[in-house]
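Reader: Let's walk through this one together. I'll ask, you answer.

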Amino acid sequence: MTLKKLIASVLARSPLPSVTRRAHRRQLSILMFHGFASGALRPFENLEHKHLEVAKWRMFAGWLAQKYRVIPLSEAVDCLERGKSLPDYSLCVTMDDGFRSTHDLAFPVLKELAMPASIYLATAFVDETRPIWVDRVSYSLIQAGQGYAELRAAKARLKNQSQDQIEQAVAEIERQTGHAMPLNVNDPSMPATQRSLDWDQIIAMRDSGLVEFGSHTCTHRIVGRCSREVALDELRHSRRIIEERVGGRCDLFCYPNGTPGDFTDESESLAREAGYRATLTTVPGWNAANASPFALRRLGVNNELNLTRFQLMVSGVMARLEGYGT
Ligand SMILES: [Zn+2]
């Protein structure tokens with residue numbers, strides 16, 4: 001057992017997780033997931049560890065069902081908007097992008113546990129089966145024998161550029177490495193993890209009454225780093241497509257990338273202007289009961305976590321140790 005694992009297992013058995021969990025009980029916890037995987041993955045499929053093995057998902061969700069009151073995000077936003085107190089230990093489950101595995105692997109567990117969740121669709125990914133640009137970069141780099149460090153560097157370089165420049169740069173990376181992801185994520189050569197939801201699957205999840213859908217832009221564009229016109233178009237157009245296809249109001253929005261700088265005060269006012277009543281970020285932390293429903297913080301879950309570390313992270317022990325979320 002490594003020292004890190006040993007420390008984690010000692011902490012998990014100590015009273016600390018229940019102390020920190022209790023300390024956060026009046027705040028809203030929002031967990032961020034992406035895709036799910038049925039087994040071992042090829043390296044390019046999970047360079048950022050964002051596809052969670054379904055066996056872990058089952059354990060994590062089972063623990064959440066025991067320890068938290070999992071509520072739909074729309075219900076939490078209702079409380080925040082009205083200044084009404086949330087039930088103690090309120091927690092929301094969110095899933096970004098619109099991967100098919102949310103239907104095939106995560107949804108059966110949600111149904112077993114009657115656990116609500118919300119999914120944020122990048123509409124070009126779902127409606128046009130176009131790969132998200134980050135996944136294209138990841139595919140090219142790993143196929144060319146590069147790794148996470150190179151992906152981080154490429155993302156950092158690209159995220160400040162316009163979508164046209166991103167398109168060009170991604171095409172250039174594909175040319176240089178000689179490896180390009182098919183431009184249809186549902187191409188038979190693509191592994192299951194990369195595939196997108198279709199509207200029938202989305203409707204089936206909606207009809208369960210457990211899953212609600214929000215927008216994650218059309219092209220996974222970083223809203224705070226593009227022009228006002230482009231940002232507003234992404235916000236409005238994605239919302240319109242989701243409302244037409246899913247029915248009802250689509251008024252929850254999740255920022256692609258979502259770190260400070262990826263959204264700004266202007267992004268927030270554009271989101272309001274486009275008709276959203278809540279926005280989600282990837283800034284780690286909890287949300288106070290009297291918080292605004294805009295720029296909500298989340299706790300990211302990835303496949304590097306095991307059950308012990310997941311419990312320490314969600315309970316708030318990791319935040320105390322690493323100094324975030326305060
Ligand atoms: Zn995303």
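Reader: Where does T217 lie?

Author: T217 lies in the loop between β7 and α11 (228-246). Helices (H or I, at least four residues) and strands (E, at least two) are DSSP runs, numbered from the N terminus. This is a predicted model, where local features need pLDDT of at least 70, side-chain atom pairs count only at pLDDT 80 or more, and totals for chains, interfaces and linings use all residues. Residues are numbered from 1 along each chain as its sequence is written.

Reader: What is the phi of T217?

Author: Positive, about 70 degrees, although T217 is not a glycine.

Reader: Is T217 buried or exposed?

Author: T217 counts as buried because it has 27 C-beta neighbours inside 10 Å. The cut-offs: buried means 20 or more other C-beta atoms within 10 Å of a residue's own, exposed means 12 or fewer, and partly exposed is in between, with C-beta atoms placed from the backbone.

Reader: And A114, what is its phi?

Author: A114 has a positive phi of about 50 degrees, and A114 is not a glycine. A114 sits in the loop between α5 and β6. A114 counts as exposed, with 11 C-beta neighbours inside 10 Å.

Reader: Switch to α4. Which residues are buried there?

Author: L73, A76 and L80 are buried in helix α4 (residues 73-82). They are on the same side of α4, because they cover an arc of only 60 degrees around the axis. That arc is taken from the directions from the helix axis to the C-beta atoms.

Reader: Why would residues three or four places apart point the same way?

Author: Because an α-helix has 3.6 residues a turn.

Reader: What's exposed on the other side of α4?

Author: E81 and R82 are exposed there.

Reader: What covers the buried residues of α4?

Author: The cover includes β5 (90-97), β6 (117-121), β7 (211-215) and β8 (252-254). Contact means two residues whose C-beta atoms, placed from the backbone, lie within 7 Å.

Reader: What follows α4?

Author: G83, with a positive phi near 65 degrees.

Reader: Helix packing next. At what angle do α3 and α5 cross?

Author: Helix α3 (residues 54-67) and helix α5 (residues 101-113) cross at roughly 25 degrees, and their axes come within 10 Å. That makes α3 roughly parallel to α5. Axes are lines fitted to C-alpha atoms, for helices over the stretch in contact, and angles run from 0 to 180 degrees between N-to-C directions. Under 35 degrees counts as roughly parallel, over 145 as roughly antiparallel, 65 to 115 as roughly perpendicular, and the rest as oblique.

Reader: Is the crossing of α3 and α5 left-handed or right-handed?

Author: The crossing of α3 and α5 is right-handed. Right-handed means the near helix is turned clockwise from the far one by less than a right angle; left-handed means anticlockwise.

Reader: Which residues of α3 and α5 meet?

Author: From α3, V54, W57, R58, A61 and A65. They meet L105, A106, V109 and L113 in α5.

Reader: Stay on A106. What does it touch?

Author: Not counting residues up to four places away in sequence, A106 touches F36, W57, M95 and S101. A106 has 26 C-beta neighbours inside 10 Å, so A106 counts as buried.

Reader: How do α1 and α13 pack?

Author: Helix α1 (residues 3-13) and helix α13 (residues 307-315) pack at an angle of about 60 degrees, with axes 9 Å apart. They are therefore oblique to each other. α1 passes α13 in a left-handed crossing. A8, S9, L11 and A12 of α1 make the contact with T308, R309, Q311 and L312 of α13.

Reader: What about M318?

Author: M318 is in helix α14 (residues 317-322). M318 is buried, with 22 other C-beta atoms within 10 Å. Leaving aside neighbours within four places in sequence, M318 contacts L312 and M313.

Reader: How far are the C-alpha atoms of M318 and A8 separated?

Author: By 9.5 Å, and the two are 310 residues apart along the chain.

Reader: Last topic, the whole chain. How many helices and strands?

Author: The protein chain has 14 helices and 10 strands. Of its 326 residues, 44% count as buried.
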